[in-house]
Structure formats: structure tokens, C-alpha cells
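Thanks for coming, everyone. Let me put the structure up, and then we'll walk through a few parts.

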Amino acid sequence: MKALSAEDRGWWRHAIGYEIYLRSFLDTNGDGFGDLAGITAKLDYLKWVGVDVIWITPHYPTPDHDHGYDVADYLAVDPRVGDLDAIEHLIEKAHALGLRVFTDVVPNHTSNEHAWFKASVANPTGPYRDYYLWKDAKPDGSPPNNWVQHFGGPAWTLDPGGSGQYYCHLFLPEQPDLNWTNEAVRAEFDAILRFWCDRGVDGFRIDVAAGLMKHPGFADNPRIREVRLEDGPARIFNSFEHRYDLAQVSTVDVYRRWNKVVEPYDAVLLGELGVWDPVQFAHFVEDGTALHMSFALEPGLTPWKVDRLLDCVLGMAEHAGSAVAWEITNHDQHRAPSRLGDGDPIRGRRRALALTTLLVGLDGMFFVYQGEELGLDDGRVTQGGLQDPISVRNPGDHNDGRDGARTPIPWTPGARNGFTSATTPWIDAFDRTDVETVAVQEADPASHLHHYRALLRLRRSWPGLAQDPLLALKRERVDATHQVVTVLRANTLVVANLGLDEAEVAVPGGAWTVAFQSWPLHAPTGQPAAETVPAETTVVLVRTAD
Ligand code: GLC
Ligand code: CA
């Protein structure tokens, strides 16, 4: 099977993506675990929603310490989600509908149950030892440096084989980091990428894309602030400047190599960079010869602090333009209405739509996270039902846990919301209300789903929204309550008023019509542009005549 043909090689620059958190999407065989057949069954729905690309979170065999991001075999399919035939069938059907398929590739680390790591531990003088990052202990027996892992605790664990060395892991001890200075590791991943491209995959979402190369000196990271015992793992991790463990310029070379590997297939490389500085971010994507694009993750991690959000959005747009993949929610983040609403999910939904409409109006891909089209806030997990290792291994009220974003998609009203027929799904969450379900929202033209779909369809049917050259991207900040951004193209003007008061709009000459208004949910369209935009609302205006 081939990737979907690309007449327009830069097609992804104005595409809409949809992230599928595989285990929580749809379970078709009653084992409580979402599967590939569940995705295949819902491709028509996704097409109807208006997406161009689906990204499927890891589908590989895994001992599941980090829910699939600890891969035990990159060339196989987790039997719980299906098999090679199932993924090929999914890709075939997606292509027939004109949908592209991205899979997840996890190159920073493997599972500790991967055959490479087992061999690395078993034989310290064998060829696999050097697949991982082994270092001697300090003279007092402590770890080689002060690096911490993302999920709490040191980034080093003593060799279970008893050599006295430590291995490095930026995540759990069950996720040992690969040694990307080793040519053999690079060759393995060339083959892995080809293997999936040969099966028709159209692109890769690259996990922890900034982590691969470490600074050769393995020096201590500078500490930015005191680490307190009661801090959650995210705060501890962010108490250090990650000068030596992340975002090394030498990692770009890995992607230059990958870029050549995937080029004959027209496949696309999408990084999960976790780099906040737009100039540094741009190094990874700027000339299209390394990563084709990368997620800007900060808007999905920031509460409703408009200044901060806009600094980030405009900085990324200015420095990386159409190589930015935008998102405001993913499987690692709180769902946007929960994060943005200051405790009020309706307000959160309104703000989420205002921000989404702005991002959909910018250059670059926009990614929807499953359930975002329904306006879902964080799901609630039953007591004792927590799954995320961040929560399970770090008790306390640090709010870093990711389970709220990972509860199943509510398809229909009723028990388990039609996600599974099992009594105990992999994550035990409370059912959603009827109005949150796909079935009820599909049937209601005034629902969040229909409104959201109208926005996605506008982007596709009105190329002027994200394909015409950007003429001006302007931020107007009059005072703390006035926060307006305008995005002007030849025939489109997006006005995002993220402030607390209504804002006046300076519409250029000619006749302009409202093509979309982010709030209220079924705001009318087609009328002439008004002179003001309500608070926390974004409008898309299109030029109808000169
Ligand atoms: C990425 C994934 C996240 C995972 C981590 C370690 O950030 O999105 O879910 O825990 O990498 O692989
Ligand atoms: Ca299943």
C-alpha cells in the first residue's frame, strides 16, 4: 500500500488533524480496550466532522507502564488493539475516504522489556549495551548527574544486572533512553520508518522529539529554583533548566536523516518538541529538511492567561509559520474547558472556541483531540481508578495527572456511553451526560459538535482562511481588559477578542460578511460584519464584494 498521493507536497500546512487516543476511542470486541477496528468503524464519522488526517497514539506491544509509550516491539501490533491486517485495513479504508493516517513513533526510549534493553542488561560487553545510555556512578555511588525524569525522581536507575552502572531515562525507569550517537540505533529506526511507510502510513508523530541527543558531557542541569518536597513532578521537572538533556541542536541531524528516509513515500514528520522558545523551535523545522512541522504545546498547557497565550501563539507564528501544528488539548493535557474556564466549564468552552477559531485562522495544521468537537471537559475517574503513572506514583494533589483527558469517548447515552460492552474498561470513568454524547449532538443542529464542524468545514471550503498569504498578523493591547488579535488575508479577516470587554473592529474597505462566530454556539452567519466583537469571542469575516 502507498501513502495517499500528494499532488500538493505541502498539503499538511493547511490540513486539519485529529488525535485518536486509541485505547479510549471505541472497543469493538468487548475487552474494555479501544482497538483499531473501532477506528475503522468510525472513519465515516471523522470524515463527516471534517478532518484530513488522523494521528493514532501507539499501537505497539507494550507492558503499559506509560500506556503504550513504552514500546516493546516497533515492528508489531499490540494484540489488544488488533494485528497488521487490522492496521492495513484501517489505512486502506481511510485512504479510500481521502483521510491520511499518522502513527506514533517513540524514539527517545523503549520499554525495559524491549529485546534490545534485555540484551543490553544481560551482556555489558555485547553489541546492545551501547543502544542505551549507561554511565558509571559517582565515586560515592550516587547517579552520574542531577537530571530528573518527567514523572518524578531521578533520571537514572542502577543496572538491574549488577554492573554498578546507571542507565538514563527521561521518563519512567521502565522507559530507558536510547543512545542516539550509536549508528546501529539510527539504522534500526530507518528500518522502522520504512516498515510503516511500506504499509501506507502517511506520516509520523514523533514522541519526545527534542530528547534524542544528550549533551556529550552529561553535566548537571542548572537549577532555576528550590525544589520542595511537596512539589508535583511537573514543578520539579521545571525547576531545572534542561540545558543538557533536551533540545540539543545535534538532534536536528537525526531528523535530516529521517527526512530523506520518508521522502520517497511523501510521508510527513511531525515532532512533539516540547520546546518553548520559538527561535530554538524553528531550528527543528525551518527549512523543511528536518521535521516538516512540530506541535506548539504551550497553548495546551497554559491557563486563561491571555498575555502568556498570545506571546506564545504570536511568537511561534512569527518564527515557524506554517511549520507549526497547533493544538489546545491532547492526551497529556487537561481538556481545554477544564483548563481555561476558571472552574466554569461553559466559560471554558467559550474561551476554548475563541482560541481555536484564532488558531484555525493561522498558517499551519490544527489538531483536534478526540472529544474536543463535543466540547468535553475532563472526565472523572472513579475512586481507586487512577491509571496515569504520574498520579499513581506521586500521590498528593499536584493536579499533574492526565487521566481526565483519557476517559472514553461518549458515543451514545447509557451504560459506558457505547464505548464498550465490558463491565470493566481499562479506565473506570463515570458516564457522561446524554448531551455530551456523539449521538445526541449529531441529531441536534444547535450542538457544540455542529458548531465545531462548521468551523472545520469553513477552513476547508474557504481556502482564503489558511492558504492565502498572510498580509498582517497584529496584536492590539490597549490595557489589561483589551486583548485583540487580527489576522488579515486577501479575502479573510479573523478578529480574536480575548479581552473582557467588547472590542471595535477596524474592517478594511469593501463588504465583509460574518462567516463564523465562535460564541454563542449557533451564532448566525451570513450577515454584514458588525462594528464590534463581544468579549472572549472570535469572528471570521470574509470579503463578499469590493
Ligand atoms: C509524550 C507522550 C506522553 C508520554 C511521554 C513519554 O509526551 O505524549 O503521553 O508519557 O511522551 O513517552
Ligand atoms: Ca477491544
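How many bridges join strand 1 to strand 11? Four, and the two strands run parallel. Two strands pair if DSSP finds at least two bridges between them. Helices (H or I, at least four residues) and strands (E, at least two) are DSSP runs, numbered from the N terminus.

Some ground rules. This is a predicted model: local features need pLDDT of at least 70, side-chain atom pairs count only at pLDDT 80 or more, and totals for chains, interfaces and linings use all residues. Residues are numbered from 1 along each chain as its sequence is written, and side-chain values use heavy atoms, with hydrogens and water left out.

Back to strand 1, residues 16–20. Ile-16 stands opposite Phe-366 in strand 11. Strand 2 (residues 53–56) also pairs with strand 1, parallel, over four bridges. There, Glu-19 has Trp-55 as its bridge partner. Five of the five residues in strand 1 are buried, meaning under 20% relative accessible area (1.4 Å probe, protein chains only). Ile-16, Tyr-18 and Ile-20 are on one side, Gly-17 and Glu-19 on the other.

Next, helix 7, residues 251–262. Its buried residues include Tyr-255, Trp-258 and Asn-259. Among the elements covering them are strand 3 and helix 5.

Last, Glu-174, in the loop between strand 6 and helix 5. Buried or exposed? Buried, because its relative accessibility is 15%. Beyond four places in sequence, its contacts (heavy atoms within 4.5 Å) include His-65, Asp-70 and Arg-393.

Key. Chains lettered and ligands numbered in written order. Buried < 20%, exposed > 50% of the residue type's maximum accessible area, 1.4 Å probe, protein only.
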